[in-house]
Amino acid sequence: YHFNSVIVREPARSVVNGLRADDRGDPTYEGVVAEHTAYIQAMRDAGVEVTVLPALEEFPDSIFVEDPALVFPEGAIVLRPGTETRLGEAEVTAPVLRDMFETVIDLPETGFADGGDILTTPKAVMIGLSARTNQAGAEALQACLAQLGRKSEIVTTPEGVLHFKTDCSLLDDETMLVTARLAASGVFDGFKTIIVPEGEEAAANALRVNDVVMVGSDFPRTIETLEKAGYNVVPMKTTEIGKVDAGLSCMSLRW
Ligand code: CIR
């Protein structure tokens with residue numbers, strides 16, 4: 001969670017048509033822009049250099065730049081998002097990564113993996129199987145990670161949850177913020193866990209960046225829990241991006 005750099009992508013006007021599991025109404029473009037602008041500012045305030053990529057109208061979900069790639073200080077991996085309308089985002093992101101990283105590995109075309117399913121911890125990179133990340137994609141990704149010298153582990157995402165990281169985030173070297181339903185699966189048995197209060201499940205996609213933890217401002221009980229545990233919480237508005245099933249990790253690639 002110590003980062004010097006992030007990549008973000010400006011929202012396209014088409015973001016209002018972003019994918020979602022349950023329709024709670026379209027987000028407004030202006031609202032998404034406001035949330036994204038605040039996110040960029042929070043990153044800068046956390047001491048991170050921000051590269052802002054231009055909007056891609058043809059890809060409504062392309063603001064969620066975390067999904068088509070995975071980055072580390074030692075190199076980047078171009079992923080293969082597991083939903084038809086997002087696969088092309090990888091192709092557009094690849095040349096940007098080749099400019100910025102010496103080592104860039106392409107996930108082989110044998111399977112699919114979304115960045116939202118991948119959680120980097122000090123022990124290993126956890127790859128969550130989901131409706132977007134299949135076994136073949138996860139195994140191919142393990143081989144790519146091994147090339148970068150990274151240990152990895154394949155785990156499962158709870159049924160009906162979009163991404164593995166929809167339900168968890170790293171708070172520090174040994175602590176996870178996690179929903180009760182994901183904690184129950186035992187995947188974090190080797191970690192300390194803080195369980196998200198019932199009814200605030202969407203708060204689990206928080207984001208630790210250097211000294212701060214960004215948390216959705218719609219989740220006061222989670223904020224209070226984390227503050228009591230000693231974390232330096234920065235509340236961030238995620239109401240509009242939440243309507244297209246996104247949280248705080250989705251909007252950046254971090255290294
Ligand atoms: C999607 O369904 O792909 C987008 N509407 C939301 C992606 C959120 N990304 C993430 O959690 N990494």
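Accessible areas are computed here by the Shrake-Rupley method with a 1.4 Å probe. On that basis, the protein chain of this predicted model exposes about 10800 Å², and carbon and sulfur atoms supply 49% of that area. The chain comprises 6 helices and 15 strands.

**Overall dimensions**
- Along the principal axes, the C-alpha atoms occupy a box of roughly 45 × 40 × 35 Å.

**Burial and contacts**
- Buried residues make up 56% of the 255 residues in the protein chain.
- When contacts between residues at least 6 apart in sequence are considered, 66% of them join residues at least 24 apart.

**Charge**
- The protein chain carries 40 negative side chains and 21 positive ones.
- The centres of these two sets of charges lie 2 Å apart.

**Helix α2**
- Helix α2 spans residues 88–100 and bends by about 30° at Ala-94.
- Ala-94 is itself buried, as are Glu-89, Ala-90, Thr-93 and Leu-97 of α2.
- The cover over the buried residues of α2 includes the strands β1 (5–9) and β3 (69–72).
- Also included in that cover are β4 (75–78) and β5 (104–106).

How values were computed. Residues are numbered from 1 along each chain as its sequence is written. This is a predicted model: local features need pLDDT of at least 70, side-chain atom pairs count only at pLDDT 80 or more; totals for chains, interfaces and linings use all residues. Side-chain values use heavy atoms; hydrogens and water are left out. Helices (H or I, at least four residues) and strands (E, at least two) are DSSP runs, numbered from the N terminus. Buried means under 20% relative accessible area, exposed over 50%, partly exposed in between (1.4 Å probe, protein chains only). Contact means heavy atoms within 4.5 Å. Lys and Arg count as positive and Asp and Glu as negative; His and the chain ends are not counted. The place of a charge is taken as NZ of Lys, CZ of Arg, CG of Asp or CD of Glu. The bend at a residue is the angle between axes fitted to the seven residues ending there and the seven starting there.
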